[in-house]
Amino acid sequence: MCLAKDVMTSNPSVCREENTIMDVVRVMNREDCGVVPVVDAMDHCVGIITDRDICLKTVLDYLDPEDTPVSEIMTTPIVTCEQTDPIETVIARMEKEQIRRIPVVDEEQCLVGIISEGDLAKSEVKERVSELVEAVVQ
């Protein structure tokens, strides 16, 4: 049985709530990614910020990316999965919540990875990705 830990990207780059939007943009540019989980001092995932969040919320609300903390635009509460969840359960949760990426946590709820549609497309469940994409775009 394929589990979340078998598919996830381990140790994703993260930010803290007090980091600025520009700090996150720099991480996204450096890592060539469109999402950054937000963690607290204990590495618990407290939010998530996407490139879409940055584009829409920063521009529409006239926010200064150099001065605005991530906490003002991050998505919260977030949907997570556990690293021992079967991948079919993870996909079902992503479909239900209509999300393209899901943070993966351990038994202490600390962030250990993230699963994206791209990760799924490279896994043994790749045939399910088109169903996930269809569910998310509805």
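Begin by selecting Pro77, which is located in the loop between α3 and β4 (81-82). Helices (H or I, at least four residues) and strands (E, at least two) are DSSP runs, numbered from the N terminus. The model is a predicted one, in which local features need pLDDT of at least 70 and side-chain atom pairs count only at pLDDT 80 or more, while totals for chains, interfaces and linings use all residues. Residues are numbered from 1 along each chain as its sequence is written, and side-chain values use heavy atoms, with hydrogens and water left out.

Next, select Asp32, in the loop between α2 and β2. Phi of Asp32 is near 55°, a positive value in a residue other than glycine.

Then display helix α2 (residues 21-31) together with helix α3 (residues 51-60). Their axes come within 11 Å and cross at roughly 145°; axes are lines fitted to C-alpha atoms, for helices over the stretch in contact, and angles run from 0 to 180 degrees between N-to-C directions. Which residues meet here? From α2 come Ile21, Val24, Val25 and Met28, and from α3 come Asp51, Ile54 and Thr58 (contact means heavy atoms within 4.5 Å). By class, this contact of α2 with α3 has five nonpolar, one polar and one charged residues. In this classification, Ala, Val, Leu, Ile, Met, Phe, Trp, Tyr, Cys and Pro count as nonpolar, Asp, Glu, Lys and Arg as charged, and the others, Gly among them, as polar.

For the next stop, select Arg16 and Asp43, whose side chains meet in a salt bridge (3.9 Å, N to O). The term denotes a side-chain nitrogen of Lys or Arg within 4 Å of a carboxyl oxygen of Asp or Glu. Arg16 lies in the loop between β1 and α2 and Asp43 in the loop between β2 and β3, so the pair ties together parts that are 27 residues apart in sequence. The structure holds eight salt bridges.

Finally, turn to the largest pocket, with about 440 Å³ of space. A pocket is an open set of points on a 1 Å grid over the protein atoms alone, where a 1.4 Å probe fits, with protein on both sides within 12 Å along at least five of seven lines; lining residues have an atom within 4 Å of a point. A volume is the space filled by probe spheres set on the points, which are joined across faces, edges and corners. Select Ile48, Thr50, Ile99, Arg100 and Arg101, the closest to the pocket's centre of its 17 lining residues. Helix α3 gives the most to this lining, with three residues.
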